[in-house]
Amino acid sequence: MDTITNPIVHDTRSYKSDQYVRWCPGCGDHAVLTCLHKAMVILQIEPHNLAAISGIGCSSRLPYYMNTYGFHTIHGRGAAVATGVKVAKPELSVWLTTGDGDSLAIGGNHFIHTIRRNVDINILLLNNKIYGLTKGQYSPTSDRGFVSKSSPYGTVEDPFHPIELALGARGTFFARCIDIDLKNTTDAFVQAEQHKGTSVVEVLQNCVIFNDNIHKEIVDKAYRDDRTILLKQGEKMIFGANMDKGLVRDGFNLKVVTIGQDGYTIEDVLVHDATTQDNILHLKLGLMAPENGFPVAIGVIRNVEGLCYDQEVKKMIDDVQVKTKVRTLNDFLMSGEVWEVK
Amino acid sequence: MLEKIQVNDVQDIVIRFSGDSGDGMQLSGTLFSNLSAILGNQISTFPDFPAEIRAPQGTLSGVSGFQMHIGTQVYNSGDKADVLVAMNPAALKVNANQLKTNSIILVDTDSFQKRDLEKALFKTEDPFLELGLTTQQIVAIPITTLTKDSLAAFELDMKSKIRCKNMFALGVVCWLFNRPIDIVNEMLSTKFSKKPVLADANLQVLANGYNYGHNTSLSVSSYRVDTLQMDKGYYMDVNGNSATAFGLIAAAEKANLQLFLGSYPITPATDILHELVKRKDLGVKVVQAEDEIAGICIAIGASFAGSLAVTSTSGPGLALKGEAIGLAVMAELPLVIVDVQRGGPSTGLPTKTEQTDLRQALYGRNGESPIVVIAGSSPTNCFDTAYWASKIALEHITPVILLTDSYIANGSSSWKIPNMEEYPSIKPNDISLYTGDEWTVAARNEDNYARYWAPAGTEGYTHRIGGLERDYFTGAISTDPDNHQKMVDTRQAKIDRIADFIPELEVLGDTDSKTLVVGWGGTYGHLREAVEEMSKGENKVALAHFNFISPLPRNTESVLRKYDKIIVAEQNNGQFAGYLSEKFNNLPMIKYNKVNGQPFVVSDLIDFFTQEIK
């Protein structure tokens, strides 16, 4: 965020549409929208150069509330539409708002292939572990045994962890944030835009109606400091209400230690490096969970460089056009096997 | 040297080259058809590939063919063959029932040995007698041996030498038809310009094939095919898929837009993808998507951002794209969806031809989802219909489905390279045409009811669209019942209105007869030939062939009402006939339907039409 030096031309009003926001009172989506407006002010992107794309679901209503180009598409296909927008016009800043059902169930194929191609778009994955708009069915991120309207006896399937999919698809950027943590969520959005390539931001989002408090064990202020760790590039990975806990390497694994106990000092604590190409530690960080004695990682977990699909498509055309004399269809047709009738 | 014993002057002739996939039959066929075109014949060709990529050599499933129809008035690739070149027994067997009674069969005796006959499941040692080919004239030549002998002095491995045998066959055929081979020499020199040794070898074998016919005692009847003076200009050989790709490029050039294709490989549409992805020089952007749905959704995204957006597919893919087409209908975005129809349902007959996707194109979506449907009627007509599909999509801000089929997509004809200045202009109905006060996404052009397209990235026109119903006046989301009714009616009226912007239906053949043959799309060539043939006799018929299906041309009903009897001929179970019946009551309609994966047979059509007239 320190690198932003754009003059402030647009405040949040520039990015807000005139539409009445229809999410339920208390829904985490309100906070996400606020953070996106804030991030836009920091980034100072011209509203007409922004394209907000979405699929179907509560989160996918978001484009209606942005004063940008917005396209509310069909269930699961937002990533494909966003790919088309970005490849057709690489100069646009393209944002996909989606949910755990939209992107990890019906749209799973487009989610992984968009990430694999590394199209330079930002994917805000609002994960509330439930289908909200269809009124309360379990989702691909619901925990095993989860009781819902479509699983009255509990589910008999294991969930996806979004970071496993994203990194399995060779993702170059993955961040996680908490809906009500406005500062860090805004920061994650800004870094997502600055990263060249597909940026996935998983927002732990609360559905106040159908899955209230699903992330409570992590995000409640009473114990958030002890159950989350905010990762910062180049800084020691420490956390806790007293900032006295740290992550160290323990053989093949990570371990939580208390600094000053059992002989561990601050020197032993690992420094976060989101920019290392090898994604094994990023995955380990991303999979940390309280039930295993770890804090949940918040912040930018992975942020590496890679070739962007939209730019490569453009470059290939530019390279060919520099070398060819063919400018029109007629030029091309006449350069092939033709004969003249006189 | 012996003379050919009989020379028949004919207006047209059908030749079929057939052999193993690796025998080079497609090349021989293409060279001969191009040669004929240069000499002033019309040509229509059709390659017949096996479904398997590389079936075992010499087996029935591995036979690859190339049929061409050459003459003065050629509308299709022809029915039965006058000349068959069969490079092995399997090729003979597969084509045996496609031969005229007095046809010439040229065979390579080197590949008609006992083992070759067994591979093709012959039970006796006389394949001709076994197949009942007793009236045909057999020309048996040891082509492989003579090819090897021709190249004795060449520094080539034996495999490469033997691969030249297709040129020997071509040489003999050129002699049979009195075709000078110097033009073929030029074509081969160009084709193998980077491999001069291969060029020389092919030229040598071609010449020796020609001279073999000239110098030995071949005694067969032969043909002299009439030629005519074609329009002056430059010509090329083009198949329907390439013509479709070129038509799209031409439209993008005319509209001054970026052409963008989102597509997923599927037979028989993939060659459109292949053709467009090569055209980086013309700035065409192509994304090979992860699936059919992504293919169209990526195209829709590109349309939202201001490209001439296209997706190409075949029937199964169109089924998968249905929901996304509905999105383009609802959001009102320009989009061209090319469906190269094949045999169905499900995977069906992927390499064969049908017209069975018409209803899917017209109706295969949820909700009232009106759309433009147009159909290409010949390989070269695909250029014009692709151009028209793009023009309508851009000027009326709507998705357009262009239906072609496997037959015209793979079939080819000689094509006069068009002068694009003669093509109508394409002026997208975008914000540049808007003259009102403050633009909104709901604003419509009064002339054609199209909304004004505002590509993402344009300053001053930010807006939100989507698949949800929106208010007629403001463009905001709306669930109001009256508004929905109004929007349903508006979307329909927008499509219906396009009838005022497309050409009227033409009637061909004997327009004064009492019977009208009706067809649409890729059956044009066969129907046209049948109608022309009948016009020479007592039983005359007229032909109305449709390119524009939804909406229909304005004069459709007045044309149909003129006739006492209407025969709707199509390669499905009556989809277009049903569509016409729904539009116009009590038409005196008879249906001719064939769904066997093969093109119509002209003689069958004539028999049926004649029967119905009597």
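**Local features and chain contacts in a predicted two-chain model**

In this predicted model, B:E332 is found in the loop between α13 and β13 of chain B. B:E332 has a positive phi of about 55°, although it is not a glycine. Most residues other than glycine have a negative phi, and most peptide bonds are trans. B:E332 has 23 C-beta neighbours inside 10 Å and therefore counts as buried, the threshold for burial being 20 or more. A positive phi is also computed for A:R170, at about 70°, and this residue is likewise not a glycine. A:R170 is placed in the loop between α6 (162–168) and β7 (173–178) of chain A. Because A:R170 has 15 C-beta neighbours inside 10 Å, it counts as partly exposed.

Cis peptide bonds occur in loops of chain B. One joins B:T267 and B:P268, with omega at about 0°; B:P268 lies in the loop between β10 and α11 (270–277) of chain B. Another joins B:G344 and B:P345, again with omega at about 0°. The loop that holds B:P345 runs between β13 (335–341) and α14 (358–363) of chain B.

Strand β14 of chain B, residues 372–375, is covered on both faces. B:V372 and B:I374 are buried on one side, and B:V373 and B:A375 are buried on the other. In a regular strand the side chains alternate between the two faces of the sheet. β14(B) runs parallel to strand β15 (residues 399–405) of chain B, to which it is joined by four bridges. Within this pairing, B:A375 stands opposite B:L403 of β15(B). The bridge partner of B:V373 in β21(B) is B:S550.

Helix α17 of chain B (residues 481–497) packs against these elements through its buried residues, whose contacts are with α13, β14, α15 and β21 of chain B. The helix has 17 residues, which at 1.5 Å a residue should span 24 Å; the C-alpha atoms at its ends are 24 Å apart, so the two values agree. B:R491, B:K494 and B:I495 are the buried residues of α17(B). They cover an arc of only 95° around the axis, and therefore lie on the same side of α17(B). The other side of α17(B) carries the exposed residues B:P481, B:D482, B:Q485, B:D489 and B:A493.

Helix α21 of chain B (residues 602–613) was examined in the same way. Its twelve residues should span 16 Å at 1.5 Å a residue, and this agrees with the 16 Å between its end C-alpha atoms. B:V602, B:L605 and B:F609 are buried in α21(B). These buried residues fall within an arc of 60° when seen down the axis of α21(B), so they line one face of the helix. An α-helix has 3.6 residues a turn, so residues three or four places apart point the same way. B:D607 and B:Q611, on the other side of α21(B), are exposed. The packing partners of the buried residues of α21(B) are β19 (515–520), α18 (524–535) and β22 (565–570) of chain B.

In chain A, three strands form an open sheet in the order β10-β11-β12, with antiparallel pairing. β10 (238–239) and β12 (253–258) of chain A are the edge strands, each pairing on one side only. Strand β11 (residues 245–250) of chain A is joined to β12(A) by six bridges and runs antiparallel to it. A:D250 of the sheet has A:N253 as its bridge partner in β12(A).

The contact between the chains takes 55 residues from chain B and 51 residues from chain A. On the side of chain B that touches chain A, at least two residues each come from β9 (233–239), α10 (240–255), β10 (259–263), β11 (285–288), α12 (292–304), α13 (315–331) and β17 (464–466) of chain B. α12(B) gives the most, with nine residues. By class, this side of chain B has 30 nonpolar, 14 polar and eleven charged residues. Strand pairing also links the chains: strand β14 (residues 338–341) of chain A runs antiparallel to β9(B) and is joined to it by four bridges. The bridge partner of A:V341 in β9(B) is B:G233.

Methods:
Residues are numbered from 1 along each chain as its sequence is written. Chains are lettered from A and ligands numbered from 1 in the order in which they are written. This is a predicted model: local features need pLDDT of at least 70, side-chain atom pairs count only at pLDDT 80 or more; totals for chains, interfaces and linings use all residues. A residue is buried if 20 or more other C-beta atoms lie within 10 Å of its own, exposed if 12 or fewer, and partly exposed in between; C-beta atoms are placed from the backbone. Two strands pair if DSSP finds at least two bridges between them. Two residues are in contact if their C-beta atoms, placed from the backbone, lie within 7 Å. Ala, Val, Leu, Ile, Met, Phe, Trp, Tyr, Cys and Pro count as nonpolar, Asp, Glu, Lys and Arg as charged, and the others, Gly among them, as polar. The expected span of a helix is 1.5 Å times one less than its number of residues. The arc is that of the directions from the helix axis to the C-beta atoms.
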